[in-house]
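I opened a new structure today and kept notes as I went. Here is what I looked at.

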Amino acid sequence: LSEQDTHSYCADDGLPALREALTNKLKIENGLVQSAVMVTSGSNQAYTNVVLSLLDEGDTAIVFRPYYFNHMMALQMVGATIEIASVHDDLQPDIPALHKRLTSTSEAPVKMVTICNPGNPTGVMLPAQTLQQVAAMCRESGTWLLVDNAYEYFSYEPQGHPGHSCVEGEHILNTFSFSKSYGMMGWRIRYLAYPPALAEQLFKAQDTIPICPPVMSQKAALGALTSGASWVKEKVNSLTANKQLLRTTIVDCLGPDSVLGGSGAIYYMVKLPRTRDGSLVDDFAVVEWLAGQYKVCVIPGSACGFKGHIRVCYSNLTDDKCNEAATRLRSGLEALVRGEGPP
């Protein structure tokens, strides 16, 4: 606070010292050697910058179901034509279906594809080969690819899952987050790695919305970087017990086929039991019922285009709080299976 520049504007794309540190991090940890860096005021602002820079009203943009709802809202704000790409039962992208759509000559060309790695809300990490296939298809079809890497450090290799990987190219933009990696949600700081040719358009959006990210937040982010990935991975590894506890709770109540995800990020997608007539349950009603009756909070899958599911998070809880949450969730799910759920 005593430093005068903390209270002033800085360069639109962030403090030079922070951008230099991030450029080095991207090269060493992510293998991104050609991308320029822009620091933004949180993840949604980074994505909004991209959408405003690349899309005009009516342009076709693809997201995968279940999608991150803030991505959907940003695309809706610019009037994009939004298409939902299919996924397999394990929530991995349907590569042949995506290729067919990108190469279609009877439909409007796709301007942009958005994918999360690992997924929010899916909790699914993409194998490097899958990401490379998507990148190659987008390059061949002249389509922009935006990869959201907010949960890059939340990988679980010791449990047999793939590690996080990145792709780079003249058609690829990558976003990263301090909110998730360093638990700095309230500081609203994120960064975008992008092809240098897009700088002029991205700067227009940046200067119009925040002018520049908060300088104090940037200085805090620079300090966080000194702790490095090893500090973050230590914290991620501490989630193992909570992760297993909630999986066991859900499987005990709903069966092993009810749990999706778990290979990345901090989420499970949970398939709710169907109604007596075989239709999908109203997941919004279930979420309200669980919160009201059992004091446990989850996210409705319908908010992500995935009706009949809920998203369960296993982070941000101490061990005792997670045990209590698991007990409450178990009581609610058992009641749901008995047919005692919301009307």
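**Ground rules.** This is a predicted model, so I note that local features need pLDDT of at least 70, side-chain atom pairs count only at pLDDT 80 or more, and totals for chains, interfaces and linings use all residues. Residues are numbered from 1 along each chain as its sequence is written, and side-chain values use heavy atoms, with hydrogens and water left out.

**Whole chain.** I looked up the secondary structure and found twelve helices and eleven strands. Both are DSSP runs numbered from the N terminus: helices are H or I with at least four residues, strands are E with at least two. The C-alpha trace spans about 60 × 60 × 35 Å along its principal axes. Buried residues make up 52% of the chain. (Buried means under 20% relative accessible area, exposed over 50%, partly exposed in between, with a 1.4 Å probe and protein chains only.)

**Asp148.** I found Asp148 in strand S5, residues 144–148. Is Asp148 buried or exposed? Asp148 is buried, because its relative accessible area is 7%. Leaving out residues up to four places away in sequence, Asp148 touches His71, Ile115, Cys116, Asn117, Pro118, Thr175 and Arg190. (Contact means heavy atoms within 4.5 Å.)

**Lys307.** I went to the loop between strand S10 (299–300) and strand S11 (309–313) for Lys307. Lys307 has a relative accessible area of 48%, so it counts as partly exposed. The C-alpha atoms of Lys307 and Leu280 are separated by 7.0 Å, although the two residues are 27 apart along the chain.

**Largest pocket.** I noted a volume of about 520 Å³. Of its 32 lining residues, Phe154, Ser179, Lys180, Ile266 and Asn316 are the closest to the centre. (On a 1 Å grid over the protein atoms alone, a pocket is an open set of points where a 1.4 Å probe fits, with protein on both sides within 12 Å along at least five of seven lines; lining residues have an atom within 4 Å of a point. Points are joined across faces, edges and corners, and the volume is the space filled by probe spheres set on them.) Which element gives the most to the lining? H9 does, with four residues.

How values were computed:
Grid points are joined across faces, edges and corners, and a volume is the space filled by probe spheres set on the points.
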